[in-house]
Amino acid sequence: MSAPRDKFGRPIVVVTGMGVVTSLGAGKTDNWTRLTAGESGIRTVTRFPIDGLKTTMAGTVDFVTVDPVSSTGLTERLAEMATGEALEQAGIGGKADFPGPLFLAVAPVEVEWPQRLELGRAVGMTDFKYEDMLRVSGGGRFAQYHHRFMFGSVASHLAETFGTKGSPISLSTACASGATAIQLGVEAIRRGEADAALCVGTDGSVNPEALVRFSLLSALSTQNNPPQAASKPFSKNRDGFVMAEGAGAMVLESYESAMARGASILGVVAGCGELTDSFHRTRSSPDGKPIIGCMRKTLADAGLEPEQIDHINAHGTATPENDKMEYNTTAVVFGDHLPKIPVSSNKSMVGHTISAAGAVEAVFSLLTLEHQRIPPTINYEIPDPAILFDVVGNTARDAKVTAVMSNSFGFGGQNASLILTREPV
Amino acid sequence: MTESKSAGAKEVWITGIGIVSSLGEGLDAHWDALNAKTINIDDKRFAPYIVHPLAPVSFDAQIPKKGDQRQMEAWQRIGTYAAGLALDSAGLKGNKEILGRMDMIVAAGGGERDLAVDESIMSADAKGNSSPGFLNERLMNDLRPTLFLAQLSNLLAGNIAIVHGVCGTSRTFMGEEAASIDAARIALARIESGQSEIALVGAAHNGERSDLLVLYEFGDFNLKESYAPVWQREGSSGFALGSAGCFLVLESREHAEARGAKPYARLTRVVADLAQRKQPGAVTRSLEAMWPKLGITADSGSLITGATGAEPVTSEEKAFLREHPGFAVRATGTMFGHTLETQFPLGLALAALSISRGALFPPNDPTGLEVEKPDAPDQIVVVGAGHWQGEGMALVEAIK
């Protein structure tokens, strides 16, 4: 490999550990096997009643349970599992002594229905208001719910468990959060503030209200039967995304520091970029300029030309608008080179892991580089004629992959992209 | 501990400040209210709990489209309003070239719930009307479809982008008080290192929410029955939630000078840490460990703290303050209430304002912990220790 600094004189940021949990399983091995076999982790929800819901399936992680049941508790546990795997691979620091900061992409936290109903029953009345609930909230009986439903609680737990240094940052850029967590880690290392950073994206928030909220915004697929076929990125008959759970964790290090301790280098975060869309709360600017600008900023940050990208791990949510907009903007950025770039969406199999997606897909992008094999976009039976991507449809494809662009776009005008490479560029 | 790096760093100026709170809106109103020792509380609406309610504000002045206002809940309107004030104060309103590349870090919690929907579902549940699909059906039928967008943490930033056109980058940090300490820390570090030239940083909080009172009541953090200044709550500790929005424009000195911007003060350092508070004294030790990182040159000066009034953290912070008796202390919680994510930006804003006005605002404390400080401050330390976790500190200085 080359010098420890990139062409802009900044420390090169490498990945030395990765962990992942999705509805396909726990760990890189299981996930990669199932992902490249084209298996779906989407299933009919069994965690809570589905009566009255328009969308009844999701990519839930049912093989992990937490007690007491809460989405925030599951979110925390998934992050812990993915982080444990990443740290074991990286072999960095001592037990509970990670030598750097934590950047955590996590869903906004709030009191959840099981706990709210428990509180309501404690009021002892059949018609009551919040002020009646307030009378029974204190005195220590529900003290654990204060900590559980603080926004900083998941990061605080991870910081203590893994001994990360300093003030852990919990962040949300909606569906781009996972990518933003990685970007914050890259920036800290480039500034020379840290030699290592732990970047995690996690989301365990498939619960009734979360499902209803996305449903009321008409964002979710309602093709419930069979659930495995619901997520159809780039297909003409796609009708929305499928909510899912999961976590992705990455240990980032300066190349210099990783080399000095003889760590195995799994890949390089060569570039990061973001650009805000101020057009609308949920819709992209019709001209696509913010997404185009985001991808171009990321290429510039990596010092790469569009022709040097040989795979795109798409945001590919399977909402009618996202996939069309993603194609239109990508076509502008990559021009004549676009037909030579195989594109795939992991969300066809694992669903949309929301706050975790950027991190989960960054892990899958690095596994793609490692195995030189691109996971498929399943359920690709009726290609959308308006989307002329070279979609890796239905079966995995062996390919020479040196640089992957992974895109994430979210509500609130959030756009973030990463470029991951096998070797420093 | 995490700190912004200083070697070879660019100087960072505070060139815009926007505040709206229970004391009013804008810098003059706040300066006058602080000097008059004004405290506005409401002890009836949520009795026995006390809140510092938002002063009457005409949101039209910063959020001209009614449609935009309708898409937001109060916390987002407060924040979008304060962000507009900050941009006005920096002379940037409508400057598309700069706004289009401006970075933004917002510290946010979550938005308002539909309390009536919650109450009717819980009442029905308490009556035993809970068939398997009951919750689903009520949520599907009763929730306003766009309410989610008024609740999502990152949609305060989203609304600021839409209303004011701040659309370089947008990041939302969460995690109560510490979120805004880290927002300031990261924005400062990015500008110092050349990763960013100009950033909008801040937060907003609606303290007039019974669902938030419930959340903090779980941990017995609310001030009840009668109001007392922050340093006088030893008999009945707790915080009175406050409504406030506060945003700052931070930019590199070069960038500010090139556009002829007038600075209020310089933001020199921000440090943050997460003490493991299971051990008594951990907060005192955490604050003490951060102090030398600020690079303070004198053994006397001024200090603005966001001390909550909740225990044990307030007593631990007092123990730290006793080690620095030369510093004149001001607690924003006494006047503004506790505004969670907004408390630290508020401290930075009042520090910059005090420096620019050549005086620290007067003490507002019957216990004598806060003392008069007649001379013009050239350095002000800003302290934040979260009610349950997270500590940080900043140094705001006069520009030399």
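How many helices and strands make up the secondary structure of chain A? In this predicted model, chain A comes to 13 helices and 16 strands. Its radius of gyration is 21 Å, close to the 22 Å that the globule rule gives for 425 residues, so chain A is as compact as a globular protein of that length. Taken along the principal axes, the C-alpha atoms of chain A fill a box of roughly 70 × 50 × 40 Å. Of the 425 residues of this chain, 64% count as buried. Contacts in chain A also reach across the sequence: among those with a separation of 6 or more, 80% come from residues 24 or more positions apart.

We turn next to the meeting of the two chains. The contact takes 70 residues from chain A and 68 residues from chain B. On the side of chain B that touches chain A, several elements each supply at least two residues, including helix 5 (115-126), helix 8 (155-164), helix 9 (176-192) and strand 10 (265-273). Sorted by class, this side of chain B has 30 nonpolar, 24 polar and 14 charged residues.

Strands take part in this meeting as well. Strand 6 of chain A, residues 169-172, pairs with strand 6 of chain B in the antiparallel sense, over three bridges. Within this pairing, A:Leu171 has B:Phe173 as its bridge partner.

A pair of helices also comes together across the chains. Two packed helices are described by the angle between their axes and the distance between the axes. From helix 4 of chain A, the residues in contact are A:Tyr130, A:Glu131, A:Met133, A:Leu134 and A:Ser137; they meet B:Ser210, B:Asp211, B:Leu213, B:Val214, B:Glu217 and B:Phe218 of helix 10 of chain B. By class, the contact of these two helices has six nonpolar, two polar and three charged residues.

Strand 13 runs parallel to strand 11 (residues 301-305), to which four bridges join it, and it runs antiparallel to strand 14 (residues 391-397), with seven bridges between them. B:Val383 takes part in both pairings: B:Val383 is the bridge partner of B:Thr305 and stands opposite B:Met393 in strand 14. Strands 13 and 14 of chain B form a hairpin with five residues between the strands, where B:Gly390 takes a positive phi near 90 degrees.

B:Leu87 is found in helix 3 (residues 74-89) of chain B. Is B:Leu87 buried or exposed? It counts as buried, because it has 26 C-beta neighbours inside 10 Å. Leaving out residues up to four places away in sequence, B:Leu87 touches B:Gly16, B:Leu92, B:Lys93, B:His164 and B:Val249. B:Gly16 lies 71 residues from B:Leu87 along the chain, yet the C-alpha atoms of these two residues are separated by 6.2 Å.

Terms used: Residues are numbered from 1 along each chain as its sequence is written. Chains are lettered from A and ligands numbered from 1 in the order in which they are written. This is a predicted model: local features need pLDDT of at least 70, side-chain atom pairs count only at pLDDT 80 or more; totals for chains, interfaces and linings use all residues. Two strands pair if DSSP finds at least two bridges between them. Two residues are in contact if their C-beta atoms, placed from the backbone, lie within 7 Å. Ala, Val, Leu, Ile, Met, Phe, Trp, Tyr, Cys and Pro count as nonpolar, Asp, Glu, Lys and Arg as charged, and the others, Gly among them, as polar. A residue is buried if 20 or more other C-beta atoms lie within 10 Å of its own, exposed if 12 or fewer, and partly exposed in between; C-beta atoms are placed from the backbone. The radius of gyration is taken over C-alpha atoms; the globule rule is 2.2 Å times the number of residues to the power 0.38.
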